[in-house]
Amino acid sequence: MTLNAPVRSAAIRRRPFVVASPYLLGAAVFLAVFLSRRDRLPDPMATHFAGAGRADGFTALGVFPYAALGVLLVPAALFVWFARAEGGRHANGRALVAMAYGIAGFGGFLLTDLVVANARAGSAEDARLGLWQLAAALVVAAVAAALGLLLAGRGGPAVPEGPDVPGAAPRLALQEGESVIWTRTVGSRALFACGPALLALGLLVALVADWGSALTLLVPGALLSVMAGARVTVDRHGLTATAPWLPWPRLRVPLDRIEEATSRDINALKDMGGWGYRVHPGRSGLVLRSGDAVVARLTTGSEFVITVDDAATAAALLNALVARDRAHHGG
């Protein structure tokens with residue numbers, strides 16, 4: 001066990017580089033194919049195809065390579081952020097690497113094949129992209145994902161998460177009538193990366209295509225940018241989370257709905273299924289990153305979770321406020 005630990009740590013530390021590698025390789029192959037065939041490419045190029053494989057969308061030759069590189073390198077940056085934020089904490093970082101490799105293989109193959117199809121056709125209108133090419137891209141994606149799983153190495157042991165139902169909950173000592181407020185700001189590096197990336201892609205689509213199509217990226221990008229952080233507060237009102245610079249939207253669990261609180265390590269993917277506001281059977285909450293979290297066990301028996309630093313202090317204060325609220329109301 002002790003001998004394996006350094007190997008696992010090294011595998012985890014190199015995951016950001018491992019995640020970026022297929023995108024850099026795909027970009028290099030794409031550029032090599034594009035530059036070797038540039039003289040034979042039509043202007044504009046066929047870049048969108050109808051169900052029968054006929055071209056029905058076109059992009060200027062001078063714009064296409066930059067758009068293609070953006071399609072490859074923006075996901076690379078996002079997956080590197082994910083690998084740094086989540087991959088080193090739990091074993092499902094291996095799944096993250098496999099996913100990154102699969103997307104890189106699929107995108108890199110299609111973009112390179114797009115160049116070959118345009119160069120072979122001679123004119124954009126004659127270019128074809130059939131179902132067999134999509135099937136080939138899926139095969140490449142599957143092979144790449146399997147390779148990524150092998151290269152990811154073994155994950156380190158998961159951090160113990162404690163029992164599902166907390167035992168003796170910590171409690172701060174409060175003086176009668178004393179007013180205490182605990183507040184912290186928490187942010188998600190993954191969402192902070194996704195928001196601006198989607199905005200950048202949306203602007204790129206607006207330049208290449210139209211603003212109507214770009215809105216499908218710009219609107220989520222703006223929402224992610226705004227909601228990538230939260231201010232968590234524990235006070236006489238209960239447990240509250242709001243956007244750092246906006247009063248709304250607001251999540252609040254009042255004191256009379258809380259049975260007790262504790263702190264626990266939460267993994268965003270494994271325990272909550274992702275980032276953001278999550279709802280699972282018996283558990284809900286705001287998860288902006290993996291790690292320390294305030295876990296409030298509610299009077300209904302379910303749990304409300306917020307990932308935030310110094311969660312132990314927040315839980316201890318919350319328990320003290322809950323106890324005082326019950327004493328005042330005869331509970």
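Visitor: Is Glu 260 buried or exposed?
Guide: Keep in mind that we're looking at a predicted model. The relative accessible area of Glu 260 is 15%, and anything under 20% is called buried. So Glu 260 is buried.

Visitor: Which side chain does Glu 260 meet in a salt bridge?
Guide: Side chains of opposite charge can pair when their charged atoms come close. For Glu 260, the N to O distance in its salt bridge is 2.9 Å, and the cut-off is 4 Å. The partner is Arg 297.

Visitor: How many residues apart are Glu 260 and Arg 297?
Guide: Glu 260 sits in strand β7, residues 258-266. Arg 297 belongs to strand β10, residues 291-298. The pair links distant parts of the chain, and the separation is 37 residues.

Visitor: And Arg 297, is that buried or partly exposed?
Guide: Its relative accessible area comes to 22%. Buried would need a value under 20%, and exposed one over 50%. So Arg 297 is partly exposed.

Visitor: Which residue forms a salt bridge with Glu 303?
Guide: Look from strand β11, where Glu 303 lies, to strand β7, 39 residues apart in the chain. The N to O distance is 3.1 Å.

Visitor: Which residues are joined into one network with Arg 264?
Guide: Salt bridges that share partners do the joining here. The network joins Arg 264 with Arg 283 and Glu 303.

Visitor: What parts of the chain does the pair Asp 309 and Arg 289 tie together?
Guide: Their side chains meet in a salt bridge at 2.9 Å, N to O. Asp 309 is partly exposed at 41%, while Arg 289 is buried at 15%. The two are 20 residues apart in sequence, so the pair ties together the loop between β11 and α9 and the loop between β9 and β10.

Visitor: Where does helix α2 bend?
Guide: Helix α2 covers residues 15-36 and reaches 32 Å from its first C-alpha to its last. The bend is about 30 degrees, and a proline, Pro 22, follows within four residues. Pro 22 is among the buried residues of α2. The bend is at Ser 21.

Terms used. Residues numbered from 1 in each chain as written. Predicted model: local features only at pLDDT ≥ 70, side-chain atom pairs only at ≥ 80, totals over all residues. Heavy atoms only, no water. Buried < 20%, exposed > 50% of the residue type's maximum accessible area, 1.4 Å probe, protein only. Expected span 1.5 Å × (residues − 1). Bend = angle between axes of the 7 residues up to and from the residue.
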